[in-house]
Amino acid sequence: MPDRDARPPGTLSRGGRRAYHDLVDTWVWWLVAAVGLGIPLVVTAMPEFGMLALGAVAAAVTNALGAGAVAQFIVFAAVSVALIAVVRPVAMRHRAQRPELASGVEALKGRQAVVLERVDGSGGRIKLAGEIWSARALDSERTFEAGEHVDVVEIEGATAIVM
């Protein structure tokens, strides 16, 4: 039986059919696997599938460079694991961070306001960001008199909680 590389490409093997390796190179299958892993990445937004897809692309490049099947699987596993181990924690940290540009009610938290009418645990009025808001003291026993500066801790509906 002749060696697979000894036959010219396109020659027929036993039974009159082309040999499997002559029809599609292995690197094409790696690229098919990469696309197959890219589909769930888009559908589920799970970055791990993208990292596995990049591992498959690295294995395709390894095959194109002439490495054997064992080397291809080692490269696939090493690149995939390295990406998951390094990139995933960084991505999770970025996902957990608060956005730097707060808007709406979130932008009002932490700002200073001026008391217009006495504020205590049951209510009052403040001027916050150029608008008049109803307000309530965070500590129900604390009172703030007109003209004092207070910090907005929370917004509950249309009432600012201050301290």
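The questions below concern the helices and the strand barrel of a predicted model.

In this predicted model, local features need pLDDT of at least 70 and side-chain atom pairs pLDDT 80 or more, while totals for chains, interfaces and linings use all residues. Residues are numbered from 1 along each chain as its sequence is written, and side-chain values use heavy atoms, with hydrogens and water left out.

Q: Why is helix α2 called roughly antiparallel to helix α3?
A: Helices are DSSP runs of H or I with at least four residues, strands are runs of E with at least two, and both are numbered from the N terminus. Helix α2 (residues 26-44) and helix α3 (residues 47-64) pack at an angle of about 170°, with axes 8 Å apart. Axes are lines fitted to C-alpha atoms, for helices over the stretch in contact, and angles run from 0 to 180 degrees between N-to-C directions. Angles under 35 degrees count as roughly parallel, over 145 as roughly antiparallel, 65 to 115 as roughly perpendicular and the rest as oblique. The α2 and α3 pair is therefore roughly antiparallel.

Q: Which residues of α2 and α3 are in contact?
A: Contact means heavy atoms within 4.5 Å. The α2 side includes W27, W30, L31 and L37, and the α3 side includes F49, L52, A56 and V57.

Q: What makes the pair of W30 and F73 edge-to-face?
A: Rings of Phe, Tyr and Trp (its six-membered ring) pair if their centres lie within 6.5 Å; planes under 30 degrees apart count as stacked, over 60 as edge-to-face and the rest as tilted. By this rule there are 2 aromatic pairs. In one of them, the ring centres of W30 and F73 are 5.2 Å apart and the planes stand at 65°, so the pair is edge-to-face. W30 belongs to helix α2 and F73 to helix α4 (residues 69-96), so the pair ties together parts 43 residues apart in sequence.

Q: How do you know that strands β3 and β5 pair?
A: Two strands pair if DSSP finds at least two bridges between them. β3 (residues 131-137) and β5 (residues 159-162) have 4 bridges in the parallel sense, and S134 stands opposite T159.

Q: In what sense do β1 and β4 pair, and over how many bridges?
A: Strand β1 (residues 112-117) and strand β4 (residues 149-156) run antiparallel and are joined by 3 bridges. Q112 stands opposite D151 in β4.

Q: What joins β4 to β5?
A: The two strands pair in the antiparallel sense over 4 bridges, and E154 has I161 as its bridge partner in β5. Their hairpin has 2 residues between the strands, and G157 takes a positive phi near 65° there.

Q: In what order do the strands of the closed barrel run?
A: The 5 strands run β1-β2-β3-β5-β4, with mixed pairing. The twist averages 55° from one strand to the next.
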